[in-house]
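Student: I would like a close look at one part of this model, namely the place where its two chains meet. Please take me through that part carefully, and then on to whatever else in the chains deserves attention.

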Amino acid sequence: MMKKTKILKNNQRAIFLIVILVAVFFLARIFIANQLATSGKLVDELKEETNRLVRESSRLEKEIVELSSLSRVSSEAGRLGFKKATVVSLTPEIPVALR
Amino acid sequence: MSSWRLQALSFSFLLLGIIVISRLFYWQILEGEKLLAEAESQRFQVQEIPAPRGKILSTDSFPLVTNKEAYLVYAILSEIENAQKTAQKLAQVFPPSEDLEEEFEKRLSRQDLAWVLLARKVDKEICDEIEALGLSGIGFEKEEKRFYPESSMSAHLLGFVGQDSAGRDQGYFGLEGFYDLELKGRPGILRQEKTASGKPILIGWKLEEEEIPGRDLILYLDRSIQYMVEEKLKDGLEKYGAKAGSVVIMDPETGGIIAMASFPNYDPVNYAQEDKNLFSNPIVSESFEPGSIFKVLVMSAAINEDVVKPNDRCSVCTGPRAISGYTVKTWDEKYHPDSTMIEIIQHSDNVGMTYVGEKIGIDRFYDYLWRFGIGQKTGIDLEEEASPILRPKEKWVDIDLATASFGQGIAITPIQMTQAVTAIANGGKLLEPHVVAKIKTRDKEIEVKPKVIREVINSTTAKIITEMMVNATEKGEAKWAKPKGFRIAGKTGTAQIPIAGHYDEEKTIASFVGFAPADNPHFVMLVTLREPTSSPWGSETAAPLWFDIAKEIFVRWGIQP
């Protein structure tokens, strides 16, 4: 009789523990799902920031190539007073001292 | 309750049941798909992620064509307060254009649409100005547009990007046309669940297909040489009073195009306002009768077939020659009896060339035309390449052989001529010309390997013809312009232009083709000038321009005499 009571009590404890565990996991899932569900706004903001940085990078790249284009360099050189060499002679030997 | 009342009640319940079931059937079965689609459109958002178009880079990886930020400007018509005032304010922000305000007003006044497109590929600066106006109902959607850091340099080579019938970007002409599939990439798709306010739900259902960016093209083109060539060609057209001109420079070892320029050209940014007859690259699509520059190919064939040797003498070079009722004369009406083959090229002797042509014969002559690539496309990677058709061999008669031997009565494109002379420069191999050296994907670079089409002449013949061309440059009519100390293999050409069945008395195409240094060629170049007015002769127009460009190349590449 006592043995039966003991087994019953153990079973009740086990059931109780399982219920508690299920409840905890259930609550945890709800909590995480809620966090994720409301993170959509954050994701949007991060995407916008990424796009902004990509646009800025693209703008800077465009500026660099514009400044280094040959047509711009040529006109800037002219504006700064540089002139094209009119007399260029090429020598057969390399014009440096090798020793 | 009496039985008829019970029956009436049962009947009315039955009727109500049938009505409800019918209605449910209508909404769930007949309209089910439509409602599902509407529910999905409320729950899901579908976004196309555009793929950036690939860049076109010169050999030093400088972008000749890249992309910049642009916007599509649209209007939500229900939010437009006053169509006429909105159109007026918008038109003031855009660059001035005929009927622009009227066009905007027409679109903003439409009653049958909810949304209208106002403009595409609008620069960010203009969009910022529109935003500052604070007009209601005007929105922007980001897109990209092509940007040319070197302006209209290499316009014919690059082509331009327009729209196809569906409004999608499409490359036309040049590299943009030829490599359109590689350059456009593939847009991605993002389909995901969203909240009522349009924000994405991370734990919701999501389907994402990443975009594949377009591939970049890395060219053989040397940017500084291209710039210099365009400047020199522009100056040359003015100096010699020519209507049009072109320069093409090829690497004799790889077939790579180092520079390619022709004028008049066009601005690829504003192609819609340009004359569309200028879009096609004349170097690969327009033919001309080459004249005396063709003689080097004919002489190569004769030497290769061993029907003549360099020091053999011409027995018919005493004066004008009658062939099939036509008279063949020299360009200067001076005759050199007993000329050697070397002297025939040096004097550019038409009569001497008819002698060489006869020695080869129609069959072998035709065979060599094919071997040199005449009458076939070269295979260059530009969209608009065309080749004039070679008349079938069976239709050739003596006078055709005679005139073709000095480059008249036969049509070629500038790229075909350059390709053929490259075979002389590199020891006899006909190469497929290429503009693109490498194709760059996200993960790797794919090299476009040089392609040898066939061997045309043997290396001994190539050396002999090279020496003949060096001799022609040293002692021929262009010797006065040649840079001192350099061995340049070249040939002048002055071809008459055929008009309505006869040759024009005054108009010519002046040309010079050659390679340098002769013993170890770094480049092959062809210069053509159409209808120069200062002088009709190639020796006085195209040749000095060729030498001028060559001198610059020698300095830039450190090629010493």
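Tutor: The model is a predicted one, and in it the area buried between chain B and chain A comes to about 2,200 Å², with carbon and sulfur atoms giving 65% of that area. Chain B brings 28 residues to the contact, and chain A brings 27 residues. Between the two chains the count is 3 salt bridges; one of the pairs that meet in a salt bridge is formed by the side chains of A:Lys84 and B:Glu552, with 2.8 Å from N to O. Polar contacts across the interface of chain B and chain A link 6 residue pairs, both residues of each pair being at pLDDT 80 or more.

On the side of chain B that touches chain A, the elements that give two or more residues are strand S3 (63-76), strand S5 (138-147), strand S8 (188-193), helix H9 (223-240) and helix H18 (542-557). The largest share of this side, 6 residues, comes from S3(B). Sorted by kind, the residues of chain B that touch chain A divide into 15 nonpolar, 5 polar and 8 charged.

Of the 99 residues in chain A, buried residues make up 7%.

Within chain B, helix H13 (residues 350-360) is mostly covered, since 9 of its 11 residues are buried. Among the buried residues of H13(B) are B:Val351, B:Met353, B:Tyr355, B:Val356 and B:Ile360. The partners against which the buried residues of H13(B) pack include helix H11 (295-304), helix H12 (341-347), helix H14 (362-371) and helix H15 (398-405), together with strand S13 (321-323) and strand S14 (326-328), in chain B. At the N-terminal end, H13(B) is capped by B:Asp349, a side-chain oxygen of which lies 3.0 Å from the backbone nitrogen of B:Val351. After H13(B) comes B:Gly361, whose phi is positive, near 90 degrees.

The search of the whole structure finds 1 disulfide over all chains, and a disulfide joins B:Cys314 to B:Cys317 with an S to S distance of 2.0 Å. The torsion about the S-S bond of B:Cys314 and B:Cys317 is about 95 degrees, and the disulfide is therefore right-handed. Both B:Cys314 and B:Cys317 are buried. Another cysteine, B:Cys127, counts as buried because its relative accessibility is 4%.

Some backbone details of chain B remain. A cis peptide bond, with omega about 0 degrees, joins B:Phe263 and B:Pro264, and B:Pro264 has its place in the loop between strand S12 (257-263) and helix H10 (282-285). A cis peptide bond also joins B:Ala516 and B:Pro517, where omega is about -20 degrees; B:Pro517 is placed in the loop between strand S20 (502-516) and strand S21 (523-530).

Positive phi values deserve a check as well. B:Lys121, a residue other than glycine, has a positive phi near 55 degrees and is found in strand S4 (residues 115-123) of chain B; at 18% relative accessibility, B:Lys121 counts as buried. B:Glu531, although not a glycine, has a positive phi of about 55 degrees and is found in the loop between S21 and H18 of chain B. Because its relative accessibility is 15%, B:Glu531 counts as buried.

How values were computed
Residues numbered from 1 in each chain as written. Chains lettered and ligands numbered in written order. Predicted model: local features only at pLDDT ≥ 70, side-chain atom pairs only at ≥ 80, totals over all residues. Heavy atoms only, no water. Contact = heavy atoms within 4.5 Å. Buried area = accessible area lost by both parts, 1.4 Å probe. Salt bridge = Lys/Arg side-chain N within 4 Å of Asp/Glu carboxyl O. Polar contact = N/O pair within 3.5 Å; in protein donor to acceptor, adjacent residues only side chain to side chain. Helix = DSSP H or I, 4+ residues; strand = E, 2+ residues; numbered from the N terminus. Nonpolar A, V, L, I, M, F, W, Y, C, P; charged D, E, K, R; others polar. Disulfide = S-S within 2.5 Å. Buried < 20%, exposed > 50% of the residue type's maximum accessible area, 1.4 Å probe, protein only.
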